[in-house]
Amino acid sequence: MTLSDLLRDVRMSFAPAPQPSFGNLDNATSLALTAAILQAVPFLWMVSILGVDDPHAPRFDPLKPTLRSGRKAQARFMVPAKPSKRAHQYEEMDSSVIWTWQQLAQMLEGLDQAQVNALLEELALAAFGDDLIRVGFHGQSAAVNTDPVANPNGEDVMVGWPALAKAADPEGLRVLRDAVTFSTSGKGDFADLDSMVYALIEKLPEAYRQDPRLVVMVGGELLRAHQKAHLKAGQVRDKTQRMKIADLGFVSHQHMPGTYLAITLAENLQVLTVNHTHRLTAGDIDDLASWGIRYNRAQTYALGEPTAYAAFDAITLVTEE
């Protein structure tokens with residue numbers, strides 16, 4: 001079987017066959033594609049991946065945490081929900097993985113059709129999901145033309161979660177604007193992550209401070225400095241003895257900025273996609289004399305409850321001599 005034959009008959013596990021060119025996906029296939037991306041990138045299981053029918057309809061915030069049950073003499077005890085509404089700006093999002101024919105010939109040599117399908121699907125979905133996380137933590141704006149050279153982490157692709165949190169807190173009550181230094185020798189504002197996180201917890205509304213879903217999100221540079229200074233050499237941490245920060249579990253990811261530190265509910269981080277906009281194509285790209293898999297949709301990032309997010313806006317890590 002030739003390379004052209006293999007690529008002409010590429011199928012994806014989540015798409016009903018035969019569907020060689022894919023195109024606009026129906027709801028069932030769109031949901032299956034989303035599930036496949038989540039499976040390819042485990043971190044995405046933590047956040048909320050949601051579909052919306054009308055991009056122009058405002059979304060209602062979740063119910064604010066407050067007492068809603070009780071009684072009142074000779075009347076009914078009632079607490080108004082008072083939901084607030086927020087509009088979201090959806091942007092067209094293109095994702096792609098493109099190979100030259102020479103690269104494909106080397107990659108796919110000796111593989112049968114099933115193996116080719118599995119390999120190309122695995123690579124494509126991992127790339128699409130990886131970018132969702134990358135842009136989510138780094139995005140600052142949505143430029144008309146993305147510049148991957150000047151903005152290698154998608155800073156100009158779409159507004160991500162930290163930028164949304166900052167915009168939702170103009171007074172700096174939860175996203176703390178004053179720059180701070182982190183030095184494990186005690187020469188900075190903070191010497192350990194525990195004290196920093198305890199400071200952030202105090203900035204959350206009281207209803208969220210004891211929420212068992214609360215998690216610390218920390219960049220790799222900060223985490224390594226903290227562990228090097230405060231984790232004893234040779235100390236073993238198994239699944240039942242995981243290190244915690246300020247008595248909270250923590251999450252770190254390679255796409256978080258190195259000195260990023262925030263606390264929130266993991267599911268508070270949202271990716272919203274407009275239903276019926278998912279389009280997947282696989283085939284020749286004549287302008288580049290290449291072949292690729294491309295995924296297009298209308299998408300945005302959001303915070304389910306902006307007040308349930310606290311962070312330091314600027315942390316300087318002091319290098320210890």
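Me: A polar contact is a pair of N or O atoms within 3.5 Å; within protein, one atom must be able to donate a hydrogen and the other to accept it, and residues adjacent in sequence count only if both atoms are side-chain atoms. What makes the link between the side chains of Thr29 and Asp26 a polar contact?

Reply: The two side chains are joined at 2.7 Å, and the limit is 3.5 Å. The structure is a predicted model, in which local features need pLDDT of at least 70 and side-chain atom pairs count only at pLDDT 80 or more, while totals for chains, interfaces and linings use all residues. Residues are numbered from 1 along each chain as its sequence is written, and side-chain values use heavy atoms, with hydrogens and water left out.

Me: Why is Thr29 called buried?

Reply: Buried means under 20% relative accessible area, exposed over 50%, and partly exposed in between, with a 1.4 Å probe and protein chains only. Thr29 has 5%, so the residue falls under the 20% limit. Thr29 sits in helix α2, residues 27–40.

Me: Which other residues of α2 are buried, and what covers them?

Reply: Besides Thr29, the buried residues of α2 are Ser30, Leu33, Thr34, Ala36, Ile37 and Leu38. Their cover includes β2 (48–52), α4 and β13 (290–303). Helices (H or I, at least four residues) and strands (E, at least two) are DSSP runs, numbered from the N terminus.

Me: How do you know that the length of α2 agrees with expectation?

Reply: The expected span of a helix is 1.5 Å times one less than its number of residues. For the 14 residues of α2 this gives 20 Å, and the end C-alpha atoms are 20 Å apart, so the two agree.

Me: What span does α4 have, and what caps its N-terminal end?

Reply: Helix α4 (113–138) has 26 residues and reaches 38 Å between its first and last C-alpha, close to the 38 Å expected. The cap is Asp112, with a side-chain oxygen 3.2 Å from the backbone nitrogen of Ala114.

Me: What makes the phi of Ala246 and of His276 worth a remark?

Reply: Most residues other than glycine have a negative phi. Ala246 has a positive value near 55°, and His276 has one of about 70°. Ala246 is in the loop between α8 (220–230) and β9 (250–251), whereas His276 is in the loop between β11 (269–274) and β12 (279–285).

Me: Are Ala246 and His276 buried or exposed?

Reply: At 4% relative accessibility, Ala246 is under the limit and therefore buried. His276 has 55% and is therefore exposed.

Me: Why does Thr316 count as partly exposed?

Reply: Its relative accessibility is 45%, so Thr316 belongs to the group in between. Thr316 lies in strand β15 (315–317).

Me: What does Thr316 touch?

Reply: Contact means heavy atoms within 4.5 Å. Leaving out residues up to four places away in sequence, Thr316 touches Val180, Thr181 and Phe182. The C-alpha atoms of Thr316 and Ile263, 53 residues apart along the chain, are separated by 18 Å.

Me: What are the totals for the chain?

Reply: There are eight helices and 15 strands, and 43% of the 321 residues count as buried. Among contacts with a separation of 6 or more, 74% join residues 24 or more positions apart. The C-alpha atoms fill a box of roughly 70 × 65 × 40 Å along the principal axes.
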